[in-house]
Amino acid sequence: MTAPTFEKAEESQASMLPTRPDHSGRKVVNLVKKVAPRLAGWISKKRFRTCRPPVGWIRFGSLGRLQPVSAVWGHDRGSPINRHYIESFLSNHADDIHGRVLEVADNKYTVRFGGERVIKSDILHNSLDNSNATIVSDLAKAENIPDNLFDCIILTQVMQYIYDSRAAVRTLHRILKPGGVMLATLPGLEKVSVVDDARWGDYWRFTEKSGNVLFTEAFGAGNVKTHSYGNVFSAIASLMGLSQEDVQLHDLNAASADFPVIVAVRAVKSVT
């Protein structure tokens, strides 16, 4: 009988050792089970966000309610959605904010976006209730404000509270210096302010076209540029009182002129 070779003896001994079970296949299966539903959900969600779902498929979830999540534009949850657009607009035109600057109610945007370029900051209010106001006047009249006084005027979300909006825009044009810039934001798809409506009235909502026509009447053709911010998602979220912290910023930045949350206006007073 031929003696077994060394190699065959080694193989025989190795076959007698206990083997570890191969779990790699099971791990793959478990991973698929774990990831597949999430992936399917993600695909379904993405598709649902871009397609038109059949009738009866809509689920309103947390937004299926008759009262907004916040009645104060999301201030009690974080930063209001409309402020994302307002601040983007002012940031894009920060170089216009210089010299003597007028802002309504407070000067937070003058300080934030004007910085050291601002020589003098004025605060306008239409009543004596605001102790920080340096000028008390009604923009629709404003006889006490001299002509050609300001290098820049910041007017954010104010025009809806002035019934005679045309007279107010004429005043804004008059009190700007030649070459001065008006930076205004107007409400588009926005709720009524109950507090302001009770105090002085909440009258108007604007489109990009109406904002352009309103300011062009006073500033002249070619001196006014308007831009709308918002889309159907951000309009719904804003009306529901959600804050910026409740949503993804890339969803806010998608633009659709059909659903303006705010309308931004940059108007320049002619030098001649």
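Predicted model: local features only at pLDDT ≥ 70, side-chain atom pairs only at ≥ 80, totals over all residues.
## Overall make-up

The protein chain holds nine helices and seven strands, taken as DSSP runs (H or I over at least four residues for helices, E over at least two for strands) and numbered from the N terminus. Residues are numbered from 1 along each chain as its sequence is written, and side-chain values use heavy atoms, with hydrogens and water left out.

Of the 272 residues in the protein chain, 38% are buried, where buried means under 20% relative accessible area, exposed means over 50%, and partly exposed is in between (1.4 Å probe, protein chains only). The protein chain exposes about 16,700 Å², with carbon and sulfur atoms supplying 56% of that; the areas come from the Shrake-Rupley method with a 1.4 Å probe, and for residues only the protein chains shown count as cover. Look at contacts (heavy atoms within 4.5 Å): among those between residues at least 6 apart in sequence, 71% join residues at least 24 apart.

The seven strands form an open sheet in the order 3-2-1-4-5-7-6, with mixed pairing; two strands pair if DSSP finds at least two bridges between them. Strand 3 (135–136) and strand 6 (224–229) are the edges, each pairing on one side only. Strand 3 runs parallel to strand 2 (residues 118–125), with two bridges between them, and Leu124 sits opposite Ile135 of strand 3.

Further along, strand 4 and strand 5 are parallel too, joined by six bridges. Cys152 has Val181 of strand 5 as its bridge partner. Strand 5 is mostly covered, with nine of its twelve residues buried.

## Helices on the sheet

Helix 7 (residues 208–219) lies across strand 5, strand 6 and strand 7, and runs at about 160 degrees to strand 6. For such angles, axes are lines fitted to C-alpha atoms (for helices over the stretch in contact), and values run from 0 to 180 degrees between N-to-C directions.

## Salt bridges

The count comes to nine salt bridges, each a side-chain nitrogen of Lys or Arg within 4 Å of a carboxyl oxygen of Asp or Glu. One of them pairs Asp96 with Arg266 at 2.8 Å, N to O. That pair spans 170 residues, from the loop between helix 3 and strand 1 (99–104), where Asp96 sits, to Arg266 in strand 7. Asp96 counts as buried because its relative accessibility is 12%, while Arg266, at 23%, is partly exposed.

Another joins Arg174 and Asp147 at 2.5 Å, N to O. Arg174 lies in helix 5 (residues 165–175) and Asp147 in the loop between strand 3 and strand 4, so this pair ties together parts 27 residues apart in sequence. Asp147 is partly exposed at 46%. There's also a bridge between Asp202 and Arg205, at 2.8 Å, N to O; Asp202 is buried at 12%, whereas Arg205 is partly exposed at 29%.

## A greasy patch

Leu189, Val232, Phe233, Ile236, Leu239 and Phe259 make a nonpolar surface patch of about 460 Å². Patches are built from residues with over 30% relative accessible area and no salt bridge, joining like charges within 9 Å and nonpolar side chains (Val, Leu, Ile, Met, Phe, Trp, Tyr) within 5 Å. Phe233 is found in helix 8 (residues 232–239) and counts as partly exposed because its relative accessibility is 33%.
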